[in-house]
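This briefing is meant to be read with the sequence and the coordinates open side by side. Please keep both in view while working through the points.

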Amino acid sequence: MTFWGVLVSLRRILTPLLLSAVVLAATPAAGHAAAATWTKAATTVAVACGSSTLSQPANWYFPASTAPKALVYLQHGFSRSNANLEDLAGKYADAGFLVFAPTLPSSTAGNNCAVNNTGDNTAFLNNVAAWLGELTTATSNLAKSYTTAAGWPGAPGRRCRRVT
């Protein structure tokens, strides 16, 4: 068989396969997930840093249900922000979870208030961990951030039951 004969044979085989792939890609799968049903509220959360307090950006993702299954805390890694977690946070919210995703500094100018350990950042990270330790305290920094976010349009009256 000549070179051109091989190309014609391949074309006869590949054309139907390619058309089938296009049709399959354009057809929604059975049980295809519905559009996102969550609400995002951008706010801030306070965290102690030495003798000062940082006001850090934080996103809250509210599920469609007014009774979320639990709170999910999503933390970005070094040199990232809460924006990098948008897709994952949305998936958790679609599954019925209330999601909290703060942005913490990745590096600092010597005050050790960062996600990465450029020095002794233990005190700062303990303050971050206190957000969850004080979860049920109405005056805690996490509760204040939640209250602000819950007041956004599309997210009123949301409550998270504590899962132990």
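This is a predicted model: local features need pLDDT of at least 70, side-chain atom pairs count only at pLDDT 80 or more; totals for chains, interfaces and linings use all residues.

Residues are numbered from 1 along each chain as its sequence is written, and side-chain values use heavy atoms, with hydrogens and water left out. Helices (H or I, at least four residues) and strands (E, at least two) are DSSP runs, numbered from the N terminus.

**Disulfide**

- The structure holds one disulfide, the term denoting a pair of cysteine sulfur atoms within 2.5 Å.
- Its partners are Cys49 and Cys113, whose sulfur atoms are 1.9 Å apart, and the link is right-handed, with 100° about the S-S bond.
- Distant parts of the chain are joined in this way, since Cys49 belongs to strand S1 and Cys113 to the loop between S4 and H3, 64 residues apart.
- Both cysteines count as buried (under 20% relative accessible area, where exposed is over 50% and partly exposed lies in between, with a 1.4 Å probe and protein chains only), Cys49 having a relative accessibility of 5% and Cys113 one of 2%.

**Salt bridge**

- One salt bridge is present, defined as a side-chain nitrogen of Lys or Arg within 4 Å of a carboxyl oxygen of Asp or Glu.
- Glu86 and Lys40 form this salt bridge, with their closest N and O atoms 3.0 Å apart.
- Because Glu86 lies in helix H2 (residues 86-94) and Lys40 in strand S1, the pair ties together parts that are 46 residues apart in sequence.
- Glu86 is partly exposed at 23% relative accessibility, and Lys40 is likewise partly exposed, at 35%.

- Ser140 sits in the loop between helix H3 (122-133) and helix H4 (141-150), and Ser140 is buried, with a relative accessible area of 4%.
- A polar atom of the Ser140 side chain lies 3.0 Å from the backbone oxygen of Thr137.
- Within H4, the buried residues are Leu142, Ala143, Ser145, Tyr146, Ala149 and Ala150.
- Viewed down the axis of H4, these buried residues fall within an arc of 160°, so they line one face of the helix; the arc is that of the directions from the helix axis to the C-beta atoms.
- The cover over the buried residues of H4 includes strand S1 (39-49), strand S2 (52-62), strand S3 (71-73), strand S4 (98-102) and H3, where contact means heavy atoms within 4.5 Å.

How values were computed:
A polar contact is a pair of N or O atoms within 3.5 Å; within protein, one must be able to donate a hydrogen and the other to accept it, and residues adjacent in sequence count only if both atoms are side-chain atoms.
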